[in-house]
Amino acid sequence: MCLAVPGKVLDIWERDQTRMAKVDFGGVEKDVCLEFVPDIEVGEYTIVHVGFALQRLDEKSAMETLALFRELGELDKEFGDAWAQAARDNGREVPE
Amino acid sequence: MKYLDEFNDPELAKRLLDDIHATVKQPWAIMEVCGGQTHSIIRHGIDQLIPDQVEMIHGPGCPVCVTPLELIDKALEIASRPEVIFCSFGDMLRVPGSGRDLFRVKSEGGDIRVVYSPLDALKLARENPDREVVFFGIGFETTAPPNAMAVFQAKRLGVPNFSMLVSHVRVPPAIDAIMQSPACRVQAFLAAGHVCSVMGTQEYPPLVERYSVPIVVTGFEPLDILEGIRHTVHQLERGESYLDNAYARAVPPEGNLAARKLLSEVFTVTDRGWRGIGVIPDSGWRLSETYRDFDAEYRFQVGDIHTDESAVCRSGEVLQGLIKPHECAAFGTQCTPRNPLGATMVSSEGACAAYYLYRRLNTPSTSQREVASIG
Amino acid sequence: MAEAVDAQPLDFEGWACPVPLRDSPTIVMGHGGGGQMSAELIEHLFVPAFGSSPGGLADSAVVELGGARIAFSTDTFVVRPLFFPGGSIGHLAVNGTINDLAMSGATPAHLSCGFVLEEGTELGIVGRVASDMGAAARAAGVTIVTGDTKVVDSGHGDQVYVNTAGLGLVPSGVDIRPDRARPGDVVIVSGAIGVHGIAIMSVREGLGFGSEITSDTAALHPLVAAMLAVTPDLHALRDPTRGGLATSLNEIATASGVGVRLVEKAIPVPAEVGNACSMLGLDPLYVANEGKLVAFVPREHSDAVLAAMRAHPLGGGAAIIGECVEDHPSMVVVTTTFGGTRVVDTPLGEQLPRIC
């Protein structure tokens, strides 16, 4: 239901009083409507669905998530299962 | 593509899988609601790589599959009119109505255009003032803001020959309906990440409370899906249930306030029939009174549609996760992607199509964990 | 080889196929997609009417005439837009038929071309198409020796439709057919896939490419000649146009009764093509290609053939993407980057962008 991909905002302008941007998807560029993320800036990343930017992509959060994934294997190697489980319990789940 | 490629890393996938395998001690049934997640799971073989005890039940998160038959028939009727240019996302073109689909209508002379964005349909309306341009506005909450914007712009810019045939559906009422079904086996949910990018996460804690099920907001790339499953099995094994966000990079708790504001102006909550399931109260959106003029159902007065669902099709039970596609007698014989009896066989992420296309080959799950190499 | 079937009058009642064409009384767009529906149209409407051909249903037919083995092929081009990054309908028309001949191992020699022109089309457009055809033919070393032109009323065509037919001689010792693939054969693709289809889509969907994605249309017979120089015993060749690589592999798998096992990470897809496909919800395996071929090569020759391809300008990106196996006959299965497997089926009709 939700085919949306992350892209980088290259350029912002207005058309028919509508905020639009040229967004780069890894070498593919497309015009995207920015009305739902009005304060996004050039150079930032956004999730795009059917020609609309729907959310700013939180780069810090993305980096943290990837770092967590990388740590997963490391802790197992160093400390074995029990320690890894404890580390995960303390560092992972954050109830909303 | 940055922020996509990193979440497709097979090495990191292996670590997530190792953790899942180390954590799971008993059988669990997890439903992924979103069709995009179903597609990703099947396409990458994730269902084969997770422990056998973890069963992924594919939920009704495919708007193509659940759009009510009456609405498909209305779409076909409108699209057949000579003055109409009927615009739709590609997904809807092969969905069978009572005996026809949009491709057949096209072959009979209907002007049917596939568009990437609802704004493309609006553009067509402005370029063709002597034609009626109708856009088939389907989807979950992710697609609702773009569709709402097209109608909003049509009113603001004064494009009288544009209208929308709306059939939006909402996830939280669907989760309610599924959990209330007596035969329900679902013990946890992967919530649809991009739906939550729009709507935020606050609709889910009441469901967690009511049914004591873990709900984990999950993305779409292989690592996102594995992370969602990983968070879920940790909760299940510890006997806990709370709302968790495993897609924080694209889902702030409040979602997208600008989008939600527009939705409340352009759409109104309504009861909606889900094909194969039935009417779920308050589970859909229709155009609000303010935008009545742009509602294709009113403009075209499509009444007296006699719908004719296949008596044999069991997609409703598949959509609720009550049966697996191959447990339906028609699966693979009378009902194939070539000749679908129901919508779950048409959509590329419909469970029946996914099973038919991708899973006809029975392979043991454990041997697939090594990446094959060709000498 | 296809069995001989007597030509019979069309009798809808007598068809044994479980999903015959009777469920679609009119032609729909899917019939032209190159996938299952196209195949059914041929199998259930045309073949019974014509009687089956000794050449089977390959890209080109190899027939014997006066002691010579001649490859004979025809193709019709209805591409929209007429002009796209990297070429035009004119280039496709010449290269497409040359390639069909080359897929039988033939040296293409002569082409015919027929035009169906819509009343009101600017002469400049027709002139540009013709000029592109001439240039492509000269570059490929073939001559256009005969042709035809018809004009239809305005509104009854789409500016320019082109049909080409071609002839070429097949060298002795060369027997390349879709039913010759065998377990153990190595599957080699001559370069990156999905390029042409995305180039076309870029015009239709308003996608811009930072580094231009241009159609890979090219005449492939020099590449095939280089491969044959290594061994005349290539088993099967196909240029994966409509329906993409997936369709070609399924056709050969079915004709030969072998299973095909692919390795996803070995399939070359340019980053921009992959990203454009991600945006539109397309699978690169189903996107049309032009100047590319897929080869089924006996294992003992595969390294040498691959090296010869890579040494040739048209095969610089050649890669081994899989092999033929005895398991799952007639099915194409891909091992994903994560180690899972999925079946890669023939598409039904044309692949459409999706939002889900």
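## A loop residue in chain C

In this predicted model, C:Leu207 is found in the loop that lies between α4 (195–205) and β9 (208–209) of chain C. C:Leu207 counts as buried because it has 22 C-beta neighbours inside 10 Å, where 20 or more are required.

Leaving aside residues up to four places away in sequence, C:Leu207 touches A:Val28 and A:Lys30 of chain A, together with C:Met201, C:Ser202 and C:Ala276. C:Ala276 is 69 residues apart from C:Leu207 in sequence, while their C-alpha atoms are 8.1 Å apart in space.

## The contact between chains B and C

On the chain B side, 48 residues are in contact with 36 residues of chain C. At least two residues of this side of chain B are supplied by each of several helices, namely α1 (10–23), α2 (35–44), α3 (46–49), α4 (63–66), α6 (102–107) and α16 (351–358). The largest share, five residues, comes from α2(B), and by class the side of chain B that touches chain C has 23 nonpolar, 15 polar and 10 charged residues.

## The two domains of chain B

Chain B is divided into domain 1 (1–311) and domain 2 (315–358), whose C-alpha centres lie 18 Å apart. Between them, 27 residues of domain 1 of chain B are in contact with 19 residues of domain 2 of chain B.

On the domain 1 side of this contact, α2, β2 (54–61) and α4 of chain B each supply at least two residues, and the largest share, five residues, comes from α2(B). By class, the side of domain 1 that touches domain 2 of chain B has 14 nonpolar, nine polar and four charged residues.

Notes:
Residues numbered from 1 in each chain as written. Chains lettered and ligands numbered in written order. Predicted model: local features only at pLDDT ≥ 70, side-chain atom pairs only at ≥ 80, totals over all residues. Contact = placed C-beta atoms within 7 Å. Helix = DSSP H or I, 4+ residues; strand = E, 2+ residues; numbered from the N terminus. Nonpolar A, V, L, I, M, F, W, Y, C, P; charged D, E, K, R; others polar. Buried ≥ 20, exposed ≤ 12 C-beta atoms within 10 Å, placed from the backbone. Domains from an automatic or database assignment.
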